[in-house]
Amino acid sequence: MSGHHQMPALLLFGVFVAITLAITTWVSRDRHGSAEEFYAGGRLFSPMENGFAIAGDYMSAASFLGVTGLIALFGYDGILYVVGFLVAWLVVLFFVAELVRNCGRFTLADVVAARMSERRVRIAVGTSSVTVSVLYLVAQMVGAGSLVALLFGGTSTAARAWTVVVVGALMVIYVALGGMRATTWIQIVKAVLLLGGTVALTAALLVRFHGDVDALLRTAAGRSGHGDAFLAPGLKYGGDWTARIDFVSLGLALVLGTAGLPHILSRFYTVPTARAARRSVVWSVWLIGGFYLMTIALGFGAAAVVGPDAVRASNEAGNTAVPLLAQRLGGGADTTGGTVLFAMVAAIAFATILAVVAGITLAASAAVAHDLYPSLRRRGRKARSEVGVARAAAVGVGVVAIALGLLVRDLNVAFLVGLAFAVSASANLPVLVYTLFWRGFTTRGAVWAVYGGLVPALGLVLLSPVVSGSPGSLFPAVDFQYFPLQNPGLVSVPLGFLAGWLGTVTSSEGPDETKYAETEVRSLTGAGAV
Amino acid sequence: MRSNHDRSRGGGDGPESSVEKYQGCDPASTGAGAAGRAEYDDPWYDALASGWGELDGTGAPAPVVPSARREGEGADRVADVYLQVQRSAAFREVRSRYRRFVVPGLVIFFTWYVGYVVTAQAAPGLMERPVAGAVNVAMLAGLGQFLTTFLLTWAYARHARLRRDRAALDLRWDTQELTRPLRGGER
């Protein structure tokens, strides 16, 4: 791609940054610096606002660019991905949103610590929350780095490194200065921009095909060179049984992982009641579902209008499918319309990465300052103000994410996202489900459930073909590959549940009946909720 | 004294005043004095306004459940109050209404989703079968996943609004009434 697209895209992105920085200053003008403000935005958001913010948190650049590219190149297999991302919200809606809003204060550990001995549980859950957040964060940072290279043609290492640094610095500014309130507004602005851009592109696409979806699908299948196979599963994830089981594992991780993502959980504390939490999830299901339906159309549209060969020529993984489609729909590479639409899509993609990254950083800093710091602080040392620690933690998390983002910038983004979901599903979901629904659950069970999911999930990845033993892996030279699947979910999620059960039945102390009564009554009625 | 509790028991299912924002006025903390209680600042009342995705207001609300307060005499610790409420028929009713919806719901969508993914991986031939024009079984199944997700979301929101919200609100009020003297004005 030539360089003359660079200016309009950078200009639009600059406008977004300016607006969001203005929001950050505006919302923090009269803040009181309380933990309630910093972590939960004062719990004053309406369901609709929070619904948009959740959607903004969730619709990452991986879906916008990655999944559409996947559909453009491999057809139906991209849809399999999208379906998992959406169905996961039923788990959140049924089992998590209301109950977590009623039981917790700021973090996932609050929910678990309400009925367990506090210190060990906080350390365990805090550790897994930080791990999940950092994995997810690194995925987004790597994505930002490759995005700049893809969109601006500047494939130089320095350009990518600078993008990662700039994105990291901006996110630290948003989070450290504005806390949850600024982060939420950034998500809302971004969600509106992203949805608006997607609607505009989809409308333009449908106009081009005169509203005939059948013709769109046929053209896409025809141009793909695969014929009808393009419209059915198997092009990417077919093949040997290991690959197929790997996909089932990924599907499981996607559906169960969402409910344990710390930055999603913390969004339910920004509304006043459990009922508002439920209504925000209803909003976000409609928004996310609508968005994914449109990405499917855009993916097939890119295959039909641009053609898989042109997409692949621009980027092997298909990540530029949507920007290329926008360019064609606007009139072509050298027209004003094409340049403007291309710049718009590029700017939206950047805004998306920035917003998602800010949300995760906030969740990670909350886990550090609210769970880990008070539990690990040496006794006798003077306690610092929690919000101060949280701000410092946001800077620290930002620095770690920038460093890791620079270090692993060649790793596949989709794999990193899948891994974050798998760790979340194996380490966070079992402990959350047991805490809310199992009368006999004990402290030891909680600690075992967390580590019993976290350690296998990370360990299996170390032993998987991603790290060693195959040409595409991180260390192709050595071979300690003993686990065939790229995504550990299929094994590590059951292990997390099993470890929680095992820890509970082997613990010497019984469960605390009265605390469970309080948890259960609170979770379903909201009595005593903050 | 007209309390929150009495009002919500009052039967009418017309739209309650929609208090969207938490106004920093927890009914338990406004505590003494009927003046504070007559104001319905409890953010839980945002509830009965219907949101997007819970479109119809035709369904009648569920019959009220018995009060937990009647059975809740004689608790001397806050923890005991929660135990008592947990054992009360009212709470058990709310819990079973919740579970009766959520457990079958989980079974349905999880089986349907896992079945979909496994079929896509194990039997691509079946998924490839054409239905109409370019649309094949796989397309219909994928759209079906979207459809069931939307449908279950709507059904859950509706069920919770009509069958649980009012009873849960009453229970919340009862529980806070019971714990208030024991907390000694702490809350």
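This is a short walk through the structure, stop by stop, with something to select at each one.

Before you click, note that this is a predicted model, where local features need pLDDT of at least 70, side-chain atom pairs count only at pLDDT 80 or more, and totals for chains, interfaces and linings use all residues. Residues are numbered from 1 along each chain as its sequence is written, chains are lettered from A and ligands numbered from 1 in the order in which they are written, and side-chain values use heavy atoms, with hydrogens and water left out.

**Stop 1: chain B**

Colour chain B by secondary structure and you get 7 helices and 2 strands (DSSP runs numbered from the N terminus: helices are H or I with at least four residues, strands E with at least two). Followed from the N terminus, the order is α-α-α-α-α-α-β-β-α. Chain B has 187 residues, and 49% of them count as buried (under 20% relative accessible area; exposed is over 50% and partly exposed in between, with a 1.4 Å probe and protein chains only).

**Stop 2: the core**

Now select Phe94(A) and Phe300(A), which touch the most other members of the largest nonpolar core, a set of 214 residues. Such a core consists of buried Ala, Val, Leu, Ile, Met, Phe, Trp, Tyr and Cys residues joined through side-chain atoms within 4.5 Å. Helix α5 of chain A, residues 77-103, gives the most to this core, with 21 residues. Leaving aside residues up to four places away in sequence, show what Phe94(A) touches: Tyr98(B), Phe101(B), Val102(B), Gly105(B), Leu106(B), Phe109(B), Leu152(B) and Tyr156(B).

**Stop 3**

A pocket here, on a 1 Å grid over the protein atoms alone, is an open set of points where a 1.4 Å probe fits, with protein on both sides within 12 Å along at least five of seven lines; lining residues have an atom within 4 Å of a point. The space in this second largest pocket is about 360 Å³. Helix α12(A) gives the most to its lining, with 5 residues, and the helices that each supply at least two include α8 (157-208) and α9 (213-224) of chain A and α7 (137-183) of chain B. By type, the lining is 14 nonpolar, 2 polar and no charged residues.

**Stop 4: salt bridges**

Which side chain meets Arg275(A) in a salt bridge? Select Asp165(B), at 2.6 Å, N to O (the term takes a side-chain nitrogen of Lys or Arg within 4 Å of a carboxyl oxygen of Asp or Glu). This pair crosses between chains, from α12 of chain A to α7 of chain B, and both residues are buried.

Then move to Arg99(B) and Glu520(A), at 3.3 Å, N to O. Arg99(B) sits in α5 of chain B and Glu520(A) in α20 of chain A, so this pair joins two chains. Arg99(B) is partly exposed at 32%, while Glu520(A) is buried at 3%.

Finish with Glu93(B) and Arg97(B), bridged at 2.8 Å, N to O. Both are in α5 of chain B, 4 residues apart, about one turn of the helix. Glu93(B) is partly exposed at 26%; Arg97(B) is buried at 4%.

Key. Contact = heavy atoms within 4.5 Å. Points joined across faces, edges and corners; volume = space filled by probe spheres on them. Nonpolar A, V, L, I, M, F, W, Y, C, P; charged D, E, K, R; others polar.
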